[in-house]
Amino acid sequence: MISQNLLDARRYEKDAGNRISKEARPAFHLSPLAGWMNDPNGFCIYKGQYHLFYQYYPYRSSWELMYWGHVVSQDLLHWEYLPAALAPDRYYDQDGVYSGSAMPLPDGRLLIMYTGVRVVDRSERPYKEVETQCLAIGDGTDFEKFEKNPVLDANALPAGGSTQDFRDPKIICLKDGRYGAIVANRSEDDSGQILLYTSGDGINWKFETVLIRNRNRYGKMWECPDFFELDGKQVLLVSPQDMLPQGFEYHAGNGTLCLIGSYDENSFSFREESDQSIDYGIDFYAPQTILSPDGRRIMIGWMMNWDACAIRGPEAPWAGQMSIPRELHIRDGRLYQWPIREFNELRRNRVEYRDVEVGEEKLYLDGISGRMVDMEVQIRPKDPAASYAKFVIRFAEEGETCTSIRFRPRESTLKIDRKFSGSRRAILHQRRCFVEDAQNELKLRIILDRYSCEIFIDGGRKVMSAALYTDQSAEKISFRADGDVLMNITKYSIVV
Ligand code: FRU
């Protein structure tokens, strides 16, 4: 039975979605059908299609009572909206249907595991709430909530585990054919831990172990875990709240963390070997991955961040978008990301320049402009013996308006700055990251869509993502350097 809440949302989102023109949305990044979007949820392949759900409030472009929106795709670039999948309509999820994941069952149905939220005490802020893990099973469009929900509650927590911060289950396949679910939780030390549950049928779950504890090292509570094997290593992705900066890593607030290590599934023990941010830009959080039929690990993240949401007001027709899907690899012990190769099919009108001299004078090049762009830029000092002080690319530029990336080889830093992108809010607009070994050559791949930029540095060794809401008429791209630089550039327009 489809609840009235869900019926209402489905009716509303259809009308509201129709009122948003194609041009008012990102061209190839997913935006909500109407209203607000945050985390990707339930990313999976079901009956030959990619399914992606998302944290959703259809009625306004602000985070409120959470639903699940739903889209499908053949290529992860062209998305078709399906009706909203889940609404807060049971006592155990009446205050929100939070993040979770999906897994096809052997009998052909699609299993969803999500977090149900129920406020139990409104006498003080923040409200006291209880989070539990719940199931919904369906045919890929309509889902029936399991009659014995919740399937994981306070009784399934280890001693000291918080019932208030217990969320974001990600179902994984275990090597012995059973299912696992990793769930984020706050432990008695006030920081995150990842709990592992197992199940033979996806319906009956039991607590197995604490897979890893944060111990207040990387922020406080951890959200949205994912856990998978990649290039012979084991990877844990989480999104920590309340981070402190560590050098050029984890620049405060709500961040992302990738732990690379080894894993023994017989004893469920994960040994950490290295840590890094997932994305070094302003807007990236809560990513989820899938394994594609041809064996690629593909990640998609929410290209927005809780610390910078004010860039988009609740009156906007939509808020929140997903990153470009990125193929993941481990190289030299680090996580590398690269836009999925399907994206190359959207490239048109190749424009190429070799050995262009860039100096003090702002440089515009014929054919290098636009807001839907895929551009590879390589720069090196003109005289290998004399470095330069600074290299700047401005894009989405018109008059004083622009977003810029600035490389300082003597400091080995790359800075993204959207202060002049048209934002009227005093929020986070800049972020720097450390770029190793780029004094002699810096390689960037810059992907622009109408409302975002994603900068892939050094073949994907680091990525910086940011949303920008600059007027679409600002479409110039310019180059400038303090010192003498030689630049190669290959640029495509993206046509969807
Ligand atoms: C992460 C998060 C999740 C939660 C969801 C609520 O961005 O806080 O932990 O499930 O958003 O919308």
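Before you click on anything, one definition: a residue is called buried when its relative accessible area is under 20%, exposed when that value is over 50%, and partly exposed in between. With that in hand, select W63: its relative accessible area is 38%, so W63 is partly exposed. Keep in mind along the way that you're looking at a predicted model.

**Stop 1: the ligand**

An N or O atom in the W63 side chain sits 2.9 Å from one of the ligand's oxygen atoms. How much of the ligand's 320 Å² of accessible area does the protein cover? The answer is 95% of the area that the ligand has on its own.

Next, show everything around the ligand. There are 13 residues, and the ones that come nearest are D39, Q55, D168, E223 and W306. Colour the shell by class and you'll get 6 nonpolar, 3 polar and 4 charged residues.

**Stop 2: the aromatic rings**

Time to look at rings. A pair of aromatic rings is described by how far apart the centres are and by the angle between the planes. This structure holds 26 aromatic pairs. One of them brings back W63 and W306: the ring centres are 6.3 Å apart and the planes stand at 90 degrees, so this pair is edge-to-face.

Trace the chain between these two and you'll see that the pair links distant parts, 243 residues apart. W63 is in the loop between β2 (49-57) and β3 (67-73), while W306 is in the loop between β18 (297-302) and β19 (318-319). Is W306 buried, exposed or partly exposed? With a relative accessible area of 30%, W306 is partly exposed.

Hop over to Y218 and Y250. The centres of these two rings are 5.7 Å apart with planes at 70 degrees, so here is another edge-to-face pair. Y218 lies in the loop between β12 (206-213) and β13, and Y250 lies in the loop between β14 (233-240) and β15 (257-264), so the pair ties together parts that are 32 residues apart in sequence. Both of these tyrosines can be checked against the opening definition. Y218 has a relative accessible area of 8%, so Y218 is buried. Y250 is at 4%, which makes Y250 buried too.

To finish this stop, select W36, W63, Y98, Y285, W302 and W306 together. Ring pairs link these residues into a cluster.

**Stop 3: arginines over rings**

Select R331 and Y336. The charged end of R331 sits over the Y336 ring, 4.6 Å from the ring's centre. Then try R312 with Y451: R312 lies over the face of Y451, 6.0 Å from the centre of the ring.

**Stop 4: details of the backbone**

Now for some backbone spotting. Which kind of peptide bond joins R125 and P126? That bond is cis, with an omega of about -10 degrees. You'll find P126 in the loop between β6 (110-121) and β7 (128-138). Move on to N149 and P150, where the peptide bond is cis as well and omega is near -10 degrees. P150 belongs to the loop between β8 (143-145) and β9.

Go to L76 next. L76 isn't a glycine, yet its phi is positive, at about 70 degrees. Look for L76 in the loop between β3 and β4 (79-86). With a relative accessible area of 1%, L76 is buried. D458 is another non-glycine residue with a positive phi, near 50 degrees. D458 is in the loop between β29 (452-457) and β30 (462-467), and at a relative accessible area of 31% D458 is partly exposed.

**Last stop: S412**

Select S412 in the loop between β25 (401-408) and β26 (413-417). S412 is buried, with a relative accessible area of 8%. Show Q439 alongside, and you'll see a polar contact of 3.0 Å between the side chains of S412 and Q439.

Definitions and conventions:
Residues numbered from 1 in each chain as written. Predicted model: local features only at pLDDT ≥ 70, side-chain atom pairs only at ≥ 80, totals over all residues. Heavy atoms only, no water. Near = heavy atom within 4 Å. Polar contact = N/O pair within 3.5 Å; in protein donor to acceptor, adjacent residues only side chain to side chain. Areas by Shrake-Rupley, 256 points an atom, 1.4 Å probe, with all protein chains shown as cover. Nonpolar A, V, L, I, M, F, W, Y, C, P; charged D, E, K, R; others polar. Phe/Tyr/Trp six-rings, centres within 6.5 Å; stacked < 30°, edge-to-face > 60°. Helix = DSSP H or I, 4+ residues; strand = E, 2+ residues; numbered from the N terminus. Buried < 20%, exposed > 50% of the residue type's maximum accessible area, 1.4 Å probe, protein only. Lys NZ or Arg CZ within 6 Å of the ring centre and 35° of its normal.
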